[in-house]
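I opened my notebook with the structure on screen. I wanted to look up charged pairs, aromatic rings and pockets.

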Amino acid sequence: FDATPAANAIHTSNRGAGTGIVDQYLDDRGMTGLSVLMGGGRKWFLPASTPGSARGDRTDYAFSSTDAHTADIVKRWGAAPGAMDKDRNLLAEFQGAGFTYAADKTALDSIDAKKTDRLLGLFALSNMNVALDKIDGRRNKASGMGSRVVDDYGFPDQPMLDEMTTKALAVLDRQKNGFVLMIEGASIDKQAHNMDTERWMLDTLEFDRAVALAQAYAAGRNDTLVIVTADHECAGVALIGSSRVSDARLQALVREGGGTALRDAVVGAGHLRTDALLAMDPRGGQPTVDGEATTEPAYGLPAVWVDAGRRAELEARGMAVVDASSALTSHLMEVLR
């Protein structure tokens, strides 16, 4: 119901007009080809009289038959004119139009994609919980008000973005004429606005998993394009380099010289090696290769800096070869396991 998904199928100048936006999703499905819609926002699909509904006249709209601007949207684009209908049961209408509905991850998992042409998944009344809170929920980690955050929120069984991606691709794969799938990591921005670094980082990793699934789907095909982009950044996020020593050594440097001891010589632009790779023994021993000895930054394993052109040679010898930023990404991915 928010700006990014709505921009793919809706005609409105008001991103907050949730009632009219979700109405147009359904009403214009014959023109847009909408067949899969998943996320939060259930409050816009419920009649105004239903507890939890957010439908109302202030968030609805109908196109005028006389106003030149909105009349042309109907006349030239073929969009439905819409109506002021806050009591509309859009959830029931989607199901009546042949959409299989999933209210939680359990229901989503039970859907047979091979027998499903249209899919609607609404997993929370408003925004879904972020990746960190969903993961904590699955681990029964009480990080909320005495319980799990997902329990406090009222929706303990929400899918991850990559799980929604898997099901969406499986359903859309049946489209004989191809498809366009828009996947958004919607809360990266929201958590960055809050300066909640832990949450935006994990949402970025959740999005990265969805990207990997899209790339895997496209691999080996000659008819599929994967585009990854972003609208903007907030909270001052920046990559300044990669640590070349272990976490234990970093802590020791803090004790030895405070924050200034960590600059330049350990982490910073001068040590983000783009001209070299880290070679490691997969068994964790000292790598038997010529080069500048160092420590892999994510796990503190023995490593050697080698020329970037030696990747194929070293991999043929059974060495693990990565760049420093990939090693740090691997470390962060462990949080999701």
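This is a predicted model: local features need pLDDT of at least 70, side-chain atom pairs count only at pLDDT 80 or more; totals for chains, interfaces and linings use all residues.

Is R88 buried or exposed? R88 is buried, with a relative accessible area of 12%.

**Entry 1: salt bridges**

I looked up the total and found 19 salt bridges in the structure. I then followed R88 to its partner. The side chain of R88 meets that of D23 in a salt bridge, at 3.8 Å from N to O. R88 sits in the loop between α4 (68–77) and α5 (90–96), and D23 sits in helix α2 (residues 18–27), so this pair ties together parts that are 65 residues apart in sequence.

**Entry 2: helices α7 and α11**

Next I looked up R199. R199 forms a salt bridge with D133, and the closest N and O atoms are 2.8 Å apart. This pair links distant parts of the chain: R199 belongs to helix α11 (residues 197–218) and D133 to helix α7 (residues 131–138), 66 residues apart. D133 has 7% relative accessibility, so I logged D133 as buried.

What does K134 pair with? The side chain of K134 meets that of E206 in a salt bridge, 3.1 Å from N to O. Here too distant parts of the chain are linked, with K134 in helix α7 and E206 in helix α11, 72 residues apart. I found both K134 and E206 buried.

**Entry 3: S187**

I looked up S187 and placed it in helix α10 (residues 187–193). S187 has 10% relative accessibility, so S187 counts as buried. What does S187 touch, leaving aside its neighbours within four places in sequence? I found contacts with V130 and D203.

**Entry 4: aromatic rings**

How many aromatic pairs are there? The count comes to 5. I looked at F45 and F94 among them. Their rings form a tilted pair, 5.6 Å centre to centre, with 55° between the planes. F45 lies in the loop between β1 (36–39) and α4, while F94 lies in helix α5, so I marked a link between distant parts of the chain, 49 residues apart. Both F45 and F94 are buried.

I then went from F94 to F99. The ring centres of F94 and F99 are 4.9 Å apart and the planes are at 75°, so this pair is edge-to-face; I applied the cut-off of over 60 degrees. F94 has a relative accessible area of 0%. For F99 I read 3%, and F99 is buried. I logged F45, F94 and F99 as one aromatic cluster.

**Entry 5: the largest pocket**

The largest pocket holds about 1400 Å³. Which residues lie nearest its centre? I found I183, E184, F207, V228 and T229 there, out of 43 lining residues. The elements that give two or more residues to this lining are α1 (3–6), α9 (161–172), α10 and α11. Of these, α11 gives the most, with 8 residues. I sorted the lining by class and got 24 nonpolar, 8 polar and 11 charged residues.

**Entry 6: the second largest pocket**

I looked up the second largest pocket next, and its volume is about 1100 Å³. I found 44 residues lining it, and the closest to its centre are P5, L37, M38, M182 and I183. Two or more lining residues come from each of β1, β3 (119–122), α7, α9, α10 and α11. Which element gives the most to this lining? I found α9, with 5 residues. By class, I logged 23 nonpolar, 15 polar and 6 charged residues for the second largest pocket.

How values were computed. Residues are numbered from 1 along each chain as its sequence is written. Side-chain values use heavy atoms; hydrogens and water are left out. A salt bridge is a side-chain nitrogen of Lys or Arg within 4 Å of a carboxyl oxygen of Asp or Glu. Helices (H or I, at least four residues) and strands (E, at least two) are DSSP runs, numbered from the N terminus. Buried means under 20% relative accessible area, exposed over 50%, partly exposed in between (1.4 Å probe, protein chains only). Contact means heavy atoms within 4.5 Å. Rings of Phe, Tyr and Trp (its six-membered ring) pair if their centres lie within 6.5 Å; planes under 30 degrees apart count as stacked, over 60 as edge-to-face and the rest as tilted. On a 1 Å grid over the protein atoms alone, a cavity is a set of points where a 1.4 Å probe fits but cannot get out, and a pocket is an open set with protein on both sides within 12 Å along at least five of seven lines; lining residues have an atom within 4 Å of a point. Grid points are joined across faces, edges and corners, and a volume is the space filled by probe spheres set on the points. Ala, Val, Leu, Ile, Met, Phe, Trp, Tyr, Cys and Pro count as nonpolar, Asp, Glu, Lys and Arg as charged, and the others, Gly among them, as polar.
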